[in-house]
Amino acid sequence: MLIVLALVAAVAIGLALHFALPLRPTRGVALAPLLETAIAAVIYTSLTWLGLAESNPWLWVGSILIPAAVTGAVILVVSRARAAHDERERVRLKLV
């Protein structure tokens, strides 16, 4: 049942990442929280299947820090790719 706590923390961290990282207008507000939560759920479930108890701090560190790092990197890549694509489209459509 403590997975719900990990997922709520993941949603909060995902929202914080959305607002903290640059190029916010190039992505939807739900992308970071959804990605963060999905990664946290997979890691939490995997670590419990590997035998880590809910009282083990490595379960919590792994299910909070790893998704935050992965989500931050993915959001930066997606935002930069979208900004570059938008700029190419502006040039192609001669809107610049």
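This report walks through the helices, the core and the loops of a predicted model.

## Helix H2 and its partners

Let's start with helix H2, which covers residues 31–49. Its 19 residues reach 27 Å from the first C-alpha to the last, close to the 27 Å expected at 1.5 Å a residue. The buried residues of H2 are Ala 32, Pro 33, Glu 36, Thr 37, Ile 39, Ala 40, Ile 43, Tyr 44 and Leu 47. Helices H1 and H3 are included in what covers them.

One of these buried residues, Ala 32, is worth a visit. Ala 32 sits in helix H2 and has a relative accessible area of 0%, so it counts as buried. Leaving out residues up to four places away in sequence, Ala 32 touches Gly 14, His 18, Thr 71 and Ile 75. The C-alpha atoms of Ala 32 and Phe 19 are 9.5 Å apart in space, and the two residues are 13 residues apart in sequence.

## How H1 packs on H2

Two packed helices are described by the angle between their axes and the distance between the axes. Helix H1 (residues 3–20) meets H2 at an angle of about 145 degrees, and their axes are 8 Å apart. The crossing of H1 with H2 is right-handed. On the H1 side, the contact is made by Ile 3, Ala 6, Leu 7, Ala 10, Val 11, Ile 13, Gly 14, Leu 15, Leu 17 and His 18. H2 brings Ala 32, Pro 33, Glu 36, Thr 37, Ala 40, Ala 41, Tyr 44 and Thr 45 to this contact. Sorted by class, the contact of H1 with H2 holds 13 nonpolar, four polar and one charged residues.

## How H3 packs on H2

H3 has 36 residues and reaches 52 Å from its first C-alpha to its last, close to the 52 Å expected at 1.5 Å a residue. H2 and H3 pack at an angle of about 145 degrees, with 8 Å between their axes, and their crossing is right-handed. This contact has 19 nonpolar, four polar and one charged residues.

The buried residues of H3 are Leu 59, Trp 60, Gly 62, Ser 63, Pro 67, Ala 68, Thr 71, Gly 72, Ile 75 and Ser 79. What covers them includes H1 and H2.

In soluble globular proteins, nonpolar side chains tend to be buried together. In this model, the largest nonpolar core has seven residues: Ala 6, Ile 39, Ile 43, Tyr 44, Leu 47, Leu 59 and Trp 60. H2 and H3 each supply at least two residues of this core, and the largest share, four residues, comes from H2.

Leu 47 is one of the core members. Beyond residues up to four places away in sequence, Leu 47 touches Leu 52, Trp 58, Leu 59 and Gly 62.

## The loop between H1 and H2

Leu 21 lies in the loop between H1 and H2. With a relative accessible area of 17%, Leu 21 is buried, because the cut-off is under 20%. Apart from neighbours within four places in sequence, Leu 21 is in contact with Arg 27, Gly 72, Ile 75 and Leu 76. Leu 21 and Leu 76 are 55 residues apart along the chain, while their C-alpha atoms are separated by 7.3 Å.

Leu 23 is also placed in the loop between H1 and H2. Leu 23 is partly exposed, with a relative accessible area of 35%.

## Backbone angles and exposed spots

Most residues other than glycine have a negative phi. Leu 23 has a positive phi of about 60 degrees although it is not a glycine. Lys 94, in the segment after H3, is not a glycine either and has a positive phi of about 55 degrees. Lys 94 counts as exposed, at 73% relative accessibility. Just after H2, Gly 51 takes a positive phi of about 110 degrees.

Ser 55 is exposed, with a relative accessible area of 69%. Ser 55 and Leu 2 are 53 residues apart in sequence and 10.0 Å apart in space, C-alpha to C-alpha.

How values were computed:
Residues are numbered from 1 along each chain as its sequence is written. This is a predicted model: local features need pLDDT of at least 70, side-chain atom pairs count only at pLDDT 80 or more; totals for chains, interfaces and linings use all residues. Side-chain values use heavy atoms; hydrogens and water are left out. Buried means under 20% relative accessible area, exposed over 50%, partly exposed in between (1.4 Å probe, protein chains only). Axes are lines fitted to C-alpha atoms, for helices over the stretch in contact, and angles run from 0 to 180 degrees between N-to-C directions. A crossing is left-handed if the near helix is turned anticlockwise from the far one by less than a right angle, and right-handed if clockwise. Contact means heavy atoms within 4.5 Å. Ala, Val, Leu, Ile, Met, Phe, Trp, Tyr, Cys and Pro count as nonpolar, Asp, Glu, Lys and Arg as charged, and the others, Gly among them, as polar. The expected span of a helix is 1.5 Å times one less than its number of residues. A nonpolar core is a set of buried Ala, Val, Leu, Ile, Met, Phe, Trp, Tyr and Cys residues joined through side-chain atoms within 4.5 Å.
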